Amino acid sequence: QSQQQTSRFLTAKQLQMIAKPKKSRKQTTEVKQFHIPDAGAPLSKVLEGFRFSVQPGNYSLQHDAFAAAEAEENGWATEANDVKDRLDVIRFIQSHGGVCELTVHQGTDFLLGGKATDAKVSNLRILMANADPNSTTKKYAEARRLIEMGGVLKWTFVYSIVSKFLKHLESDASGYEKSIKADWPSLANPRQSDFLVMSGNAKTALDETEDKYGLRINEIASAVDFARALEEVGRLKLMKKGSSASLSWQIHAMTNVAKSERWIFGGKVQKLWPYGEHATENGSVCILYPDLFADPGLEDEAGVGNEVLSGGESPRWKNMMGRRTMGNVAAVLPLAKALGAIVTPHLHSGVTHVLCALKRHKMLKWSSMHPLTIFSDKESGSRLHERLISLEESFALDGASEKSVLLISPDWLEEVWNSD
């Protein structure tokens, strides 16, 4: 039998038949999750002439008790309670004649955000804070525009002004053809309480019409405005006092007392305070991270900043309490502080001790070679292990000397406390 011979090379026609179609530039660069949704049926022209940029984040009326109370009082709670994400806000704006765009530019009128703690809002706050207002370079163009706009507004602002404008025009037969920009432009001027992040320029401008608590000078305050102002009074009072009242004795000693004199804080009990005769640790202060959080927090010691010095003030403590059963680790934290340790809610590069549940050890010097079976909770142990490996690699890259971290159990702390 003779076999038909075939060429191992493709003809030009065959190559053309099997070639895959190339993707167009539009196909390869389109990102669907950031598209602007269809406007839907128009309800009014109230926002006609205004351009908005709505940032990614957390959108829920329940995040702001004062906004929720204002919505109930002024009749826009139903629409606001339906908001679950930024697309709902975009659709609302478009249904009332406004234009939504993905990026901020010179023509943008309002920048809206979800919560002050959203990553995007936080980044914009940092961008504004670090910008040189006198610079004309392209680098700071976005920051300059943010400053000119006044900052980032709460998403509820747009619901509030639309509701107020429509109520004002209820008796006007042509009301739905009118717009805030053309017929009541001052309504679109935000108040202090409307901002998530406010620029210094906006604050200075509002000082002419509002007091430092956010109440309008020549208007009778509503119950909601008065309650909001009372909260601002409390916040400013705490700021005036400063954080010194909440600082631990360890921090006072480290910041205000010479090293040669810190021994006076080292009583018989302060065995983790390295400056006293009863110290069991020599040289460095014990900075302790308790394994109580869903994530290890900030990694860079410098980035933690003042929050490390006032660990009890960190919002991470509140989040931890609401999310996780405290257990023995949390139960011995008062002992750790009494022994002289500085407790931080971040597993950062300055941490010397990690308080966690260990399976067979009371105290163990951490090593990347240790198996996860040393931890009672493998999932939690895995998070600790990954962060400590990351810190070890950072030290190596920086050329710093190896820094040891001790894994300690609640039992170990109790033994130190009870030892003579």
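Which element gives the most residues to the lining of the second largest pocket? That element is α11, with four residues.

The structure is a predicted model, in which local features need pLDDT of at least 70, side-chain atom pairs count only at pLDDT 80 or more, and totals for chains, interfaces and linings use all residues. Residues are numbered from 1 along each chain as its sequence is written, and side-chain values use heavy atoms, with hydrogens and water left out.

**Pockets**

A pocket is an open set of points on a 1 Å grid over the protein atoms alone, where a 1.4 Å probe fits, with protein on both sides within 12 Å along at least five of seven lines; lining residues have an atom within 4 Å of a point. A volume is the space filled by probe spheres set on the points, which are joined across faces, edges and corners.

| Largest | about 1,100 Å³ | 47 residues |

Closest to the centre of the largest pocket are Lys-164, Asn-189, Arg-191, Asp-194 and Arg-216. Two or more lining residues come from each of α3 (65-74), α7 (141-149), α8 (156-168), α10 (200-206) and α11 (223-241), and α8 gives the most, with six residues. By class, this lining has 21 nonpolar, 12 polar and 14 charged residues.

Helices (H or I, at least four residues) and strands (E, at least two) are DSSP runs, numbered from the N terminus. Strands pair if DSSP finds at least two bridges between them. An open sheet of five strands with mixed pairing has the order β7-β6-β8-β10-β9. Because β7 (342-343) and β9 (363-365) stand at the edges with a single partner strand each, one side of each is left without a neighbour in the sheet. Strands β6 (residues 287-290) and β8 (residues 353-355) run parallel and are joined by three bridges; Leu-288 has His-353 in β8 as its bridge partner.

In helix α19 (residues 410-418), Pro-410, Trp-412, Leu-413 and Val-416 are buried, that is, under 20% relative accessible area (1.4 Å probe, protein chains only). The buried residues of α19 fall within an arc of 160° seen down its axis, so they line one face of the helix; the arc is that of the directions from the helix axis to the C-beta atoms. Among the elements that cover these buried residues are α16 (327-331), α17 (333-338), β8, β9 and β10 (406-408).

Conventions:
Buried means under 20% relative accessible area, exposed over 50%, partly exposed in between (1.4 Å probe, protein chains only). Contact means heavy atoms within 4.5 Å. Ala, Val, Leu, Ile, Met, Phe, Trp, Tyr, Cys and Pro count as nonpolar, Asp, Glu, Lys and Arg as charged, and the others, Gly among them, as polar.
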